[in-house]
Amino acid sequence: MSNLPGGDSAATTARLSDGPDPAVAPPADGLEDAAAREAAASKEAAETVIKAFGGVRGMIDMTLPGLVFIVAFNLTHQVATAAWSALGLSALFVVVRLFKRETIQHAFSGVFGVAIGAWISMKTGKAENFYLPGLLYSVGYCIALAVSALARWPLIGVMLGPITGEMFTWRKQNPGRLAAYTKATWAWVVIMGIKPVVLFPLYLSGNVNLLGWMKVALGIPPMLLAMYVTWQILLKAPPPIKAQIDEE
């Protein structure tokens with residue numbers, strides 16, 4: 001039996017000529033664009049790690065005073081001279097940042113730590129005590145990181161949330177980022193825990209030279225490694241959900 005005009009054959013031909021039904025097969029370009037936007041958002045959030053920890057400049061501000069201390073101590077064998085040299089350099093970093101109208105957060109933290117170490121070393125007359133506050137800080141920092149991860153308030157998320165604009169939405173609304181921040185926080189515990197494990201025996205032995213040089217050697221590399229691991233973890237995490245802030 002022949003097909004009549006306007007019959008089933010004509011309707012089928014018309015449907016085929018119109019192309020695939022969008023409801024059945026979504027455009028691939030739309031999915032690719034959405035995936036690209038999510039990847040870009042994750043990448044942007046991951047790059048906040050460098051900003052949060054002051055970048056390489058911030059690490060240099062906190063590392064060089066220790067190098068100056070051990071060099072000055074070897075040259076003069078005077079605890080006071082070495083301590084004042086390190087403290088002067090830390091203060092210079094703050095002045096330079098103020099002059100350039102840059103944030104002084106990390107430079108000021110360096111001055112505070114160096115000032116305490118300088119005071120203790122001059123008070124006791126023992127050069128190794130210059131490094132004691134930093135060692136105690138490292139231990140306390142690792143403990144705080146571990147406790148925060150166990151309490152489901154990972155410090156890496158607490159630090160990065162305000163910078164990414166998500167604040168604390170990752171705790172309730174974005175379980176993938178909570179898992180990523182927890183994983184990154186444990187990575188910091190392991191990596192930054194290397195410093196006190198290596199340095200405390202040297203401090204207790206009274207080997208000032210080896211302690212000073214190892215303190216410098218373990219200043220920037222572990223921090224860079226921890227930042228890189230965090231960056232890699234956050235690259236694979238879901239993008240942040242921006243916090244809705246009430247204008248009132």
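Ser-90 has a relative accessibility of 1%, so it counts as buried, the cut-off being under 20%. The model is a predicted one. Ser-90 sits in helix H5, which covers residues 79-99. Phe-112 is 22 residues away from Ser-90 in sequence. In space, the two C-alpha atoms are 8.8 Å apart.

Turn next to the nonpolar cores. The largest has 24 residues. Some members touch the most others: Phe-69, Phe-73, Ala-127, Phe-130, Tyr-131, Leu-199 and Leu-211. At least two residues each come from H4 (55-76), H5, H6 (105-124), H7 (132-150), H11 (194-205) and H12 (208-217). H5 gives the largest share, six residues.

Leave aside residues up to four places away in sequence. Tyr-131 then touches Gly-66, Phe-69, Ile-70, Leu-211, Gly-212 and Lys-215. Of these, Phe-69 and Leu-211 are also listed with Tyr-131 among the core members that touch the most others.

Now move to helix H8, residues 155-164. Its buried residues are Ile-156, Gly-157, Leu-160, Gly-161 and Thr-164. Why do they lie on the same side of H8? They span an arc of only 120° around the axis, and therefore share that side. After H8 comes Gly-165. The phi of Gly-165 is positive, near 90°.

Methods
Residues numbered from 1 in each chain as written. Predicted model: local features only at pLDDT ≥ 70, side-chain atom pairs only at ≥ 80, totals over all residues. Heavy atoms only, no water. Buried < 20%, exposed > 50% of the residue type's maximum accessible area, 1.4 Å probe, protein only. Helix = DSSP H or I, 4+ residues; strand = E, 2+ residues; numbered from the N terminus. Arc of directions from axis to C-beta. Core = buried A, V, L, I, M, F, W, Y, C linked by side-chain atoms within 4.5 Å. Contact = heavy atoms within 4.5 Å.
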